[in-house]
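Hi everyone, thanks for making time this morning. Could you bring the structure up on your screens, so that we can walk through it together?

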Amino acid sequence: LIALSSYNKFDNNVLRDSLMVPVINCATSIYAGFVVFSVLGYMANLRGVPVANVTQGGPGLAFVVYPEAVTQMPISPLWAILFFLMVVMLGFSTAFSVVETVMTSFIDEFPDLFSGKKRALYFRIIVCSVGFVLGLPMVTQGGSYLLDIVDGYVVGFPTLFVGFFELICIAWIY
């Protein structure tokens, strides 16, 4: 958010934005919780098992249980297309925000280096190509194990740690 906020006008209403983002985030999480647990409850009812035994968390929920639940719904091809589009848009939005954060931080730090349009374009191509090459192992046979490792060691406490120190740096240095 800090890197992406560099696109805001200087007199932007930061207080409004800082209150609106967490409220929308929480509302979306509550809505997603209703969706997830209603589908899990439906699948548990079909199988005759408790909800906790329907699936484990992680990618199995999105790529095993949900497609199975979608096939049980009326007009299943429509729901399958909508579910696929939702997953694709979620992936694209995450990728765009990560790539834009990396590129913005470099372009804001070294404006003379990326002054021309061609230089900025080449830099963007290089960043996207490096991300593509680094993502290739995720689509191999061992990709799910690599995803579990990255998910366990990158998401969670390390992200909280980095965010906390970003907050300290912004509050006391900037």
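Let me begin with a cut-off: a residue is called buried under 20% relative accessible area, exposed over 50%, and partly exposed in between. One more thing before we go in: this is a predicted model.

With that cut-off in hand, let's look at Val36. Its relative accessible area is 24%, so Val36 falls into the partly exposed class. You will find Val36 in helix α1, which covers residues 14-47. Leaving aside residues up to four places away in sequence, Val36 touches Leu61 and Tyr66.

Now for the charged pairs. How many salt bridges does a search of the whole structure find? The search finds two.

One of the salt bridges joins the side chains of Arg16 and Asp17, with an N to O distance of 3.1 Å. Arg16 has a relative accessible area of 44%, which makes Arg16 partly exposed.

Another salt bridge is formed by Glu100 with Arg124, where the closest N and O atoms are 3.8 Å apart. Why does this pair tie together parts that are 24 residues apart in sequence? Because Glu100 lies in helix α3, while Arg124 lies in helix α4, residues 117-135. Arg124 comes out at 29% relative accessibility, so Arg124 is partly exposed.

The axes of α3 and α4 come within 11 Å and cross at roughly 140°. At that angle the two helices count as oblique to each other, and α3 passes α4 in a right-handed crossing. Which residues make the contact? On the α3 side they are Val99, Glu100, Val102, Met103, Phe106 and Ile107, and on the α4 side Phe123, Arg124, Val127 and Cys128. Sorted by type, the contact of α3 with α4 has eight nonpolar residues, two charged and no polar. Glu100 and Arg124, our salt-bridge partners, are both on that contact list.

What is phi of Ile75 near? It is near 55°, a positive value in a residue other than glycine. For background, most residues other than glycine have a negative phi. Ile75 has a relative accessible area of 59%, so Ile75 counts as exposed.

Is Phe84 buried or exposed? At 55% relative accessibility, Phe84 is exposed. Phe84 sits in helix α3, which spans residues 76-109. The C-alpha atoms of Phe84 and Pro67 are separated by 9.3 Å, and the two residues are 17 apart along the chain.

Val87 lies in helix α3 too, but with a relative accessible area of 26% Val87 is partly exposed. Val87 and Gln56 are 31 residues apart in sequence and 19 Å apart in space, C-alpha to C-alpha.

That's my tour for today. I'm happy to take questions, so please point at anything you'd like to revisit.

Definitions and conventions. Residues numbered from 1 in each chain as written. Predicted model: local features only at pLDDT ≥ 70, side-chain atom pairs only at ≥ 80, totals over all residues. Heavy atoms only, no water. Helix = DSSP H or I, 4+ residues; strand = E, 2+ residues; numbered from the N terminus. Buried < 20%, exposed > 50% of the residue type's maximum accessible area, 1.4 Å probe, protein only. Salt bridge = Lys/Arg side-chain N within 4 Å of Asp/Glu carboxyl O. Axes fitted to C-alpha atoms, helices over the stretch in contact; angles between N-to-C directions. Parallel < 35°, antiparallel > 145°, perpendicular 65-115°, else oblique. Left-handed = near helix turned anticlockwise from the far one by under 90°. Contact = heavy atoms within 4.5 Å. Nonpolar A, V, L, I, M, F, W, Y, C, P; charged D, E, K, R; others polar.
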